[in-house]
Amino acid sequence: MRTLWLSLLLSAALAAVSGQSLAGETRAAQILDRFEHANQWRDHVMIAAHRAGSMQAGKTLYAENSLAAVEGSIAIGAEIVEVDVRRAKDGEFVIMHDSWLDRTTNCKGEVVKYTLAELKKCRLVIEGTGVVTNETVSTLREMLLATRDRILINLDNKLEVTDLPGMIAEARDLGMADQVIVKENLWNRQRIDAASAALAKAGGGFQFMPILADDAVHDATFAGEVDKAFAPRAIELINWRNGAETLTSTGGPLFSNHMRAEAARGDWHLWADTYAIVNKPGGFLAGGRGDELAVAASLPREAWGFWVDHGATIIQTDEPKAAIEWLAANGYRVPYTTDIKQAEPAHTASIN
């Protein structure tokens, strides 16, 4: 009888702990589970919002790489925000895509020639309308605090590979290193070795995503080498489109059957980029099948649907809201245990 009572008490305790864990699971933890277990979630397509999700709707909603854009991306249910990291004159990591301030702020000149205090006097500009916001240039730490426990954050390193350990250290200091995805372009053994050395200095506990582009990587064999070196949970694959090319009909060498087999064996996601590049042909990173085709031409199946059919389970886009709505309507999104769009902010940073 004593044994029976102990068993019942233990079962009750475990059930209580399990219930607390489920109830207390953060939005980021649910997303991270799907990111880390690609093979279990190949029927769900995750969305990464390019430059925090600021580029949609003709760049009229938010300032680029802003905290307001992050809030908007969380509200629509995106799983990842991509932001760009540079350094101020005094060495602080700041969030800025261009090396110059002219396009995205009301200041002029190179980012690296401004101290953080000086950058904090600049105001971000909504590019599509020219409206000057009350939001200043964010530090990496401020951006990390805005995303912590709410959404994964993809850091696009505009510096050197040797700067990655410093970025990871800031995330680790906030207890959120596992919610950070850092990435680097890889195209040969030397680049693998350089990235390996830098990442070794960063310690563990974060996500590293290699980037492979089909101008240098022509088959899936190199992806197998990358998998052995890093055991990534996702690999970003770029299908370049030259100006005169027609729309890709196959997805190119990086979206081949061999690549999909490598992804399944390695349990990692194929990440496709459909966002636009200024002054480049539409869908420049996606064999012509980019956001312009999906939205401006109203052919989402020929863009987002094409990449899903060719194995992509993460899409980085300038149109996260439209992409999520189309994917959900066509059976490519699996609901989360709880509605992740309703997660409460885990920070107090102003987004005015």
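The legends below describe close-up views of a predicted model.

**View 1. The aromatic pair of F208 and F230.** Of the five aromatic pairs in the structure, the one shown here is formed by F208 and F230, whose rings are tilted at 55° between the planes and lie 4.8 Å apart, centre to centre. Because F208 belongs to strand β8 (residues 207–213) and F230 to helix α9 (residues 221–230), the pair ties together parts of the chain that are 22 residues apart in sequence. F208 has a relative accessibility of 9% and, since buried means under 20%, counts as buried. F230, at 16% relative accessibility, also counts as buried.

View 2. F255, F306 and W307 are linked into a cluster by ring pairs.

**View 3. Strand β7 and its two partner strands.** Strand β7 (residues 180–185) is largely enclosed by the rest of the structure, because five of its six residues are buried. To strand β6 (residues 152–157) it is joined by four bridges, with the two strands running parallel, and within this pairing D156 has K183 of β7 as its bridge partner. Strand β7 also pairs with β8 in the parallel sense, here over five bridges, and E184 stands opposite P210 in β8.

View 4. The path from β6 to β7 includes helix α7 (residues 164–173), and the three elements make a right-handed β-α-β unit. Strand β7 takes part in a further right-handed β-α-β unit, which is made together with helix α8 (residues 189–202) and β8. The strand β8 of this unit is also the one that carries F208, the residue paired with F230 of helix α9 in View 1.

**View 5. The surroundings of V45.** V45 lies in the loop between α2 (27–36) and β1 (46–49), and with a relative accessible area of 2% this loop residue is buried. Leaving aside residues up to four places away in sequence, V45 touches V308, A312, T313, I314, I315, L327, Y332 and R333. The C-alpha atom of V45 is separated by 9.9 Å from that of A323, although the two residues are 278 residues apart along the chain.

Technical notes
Residues are numbered from 1 along each chain as its sequence is written. This is a predicted model: local features need pLDDT of at least 70, side-chain atom pairs count only at pLDDT 80 or more; totals for chains, interfaces and linings use all residues. Side-chain values use heavy atoms; hydrogens and water are left out. Rings of Phe, Tyr and Trp (its six-membered ring) pair if their centres lie within 6.5 Å; planes under 30 degrees apart count as stacked, over 60 as edge-to-face and the rest as tilted. Buried means under 20% relative accessible area, exposed over 50%, partly exposed in between (1.4 Å probe, protein chains only). Two strands pair if DSSP finds at least two bridges between them. A crossover is right-handed if, with the strands pointing away from the viewer, the path from the first strand over the helix to the second runs clockwise. Contact means heavy atoms within 4.5 Å.
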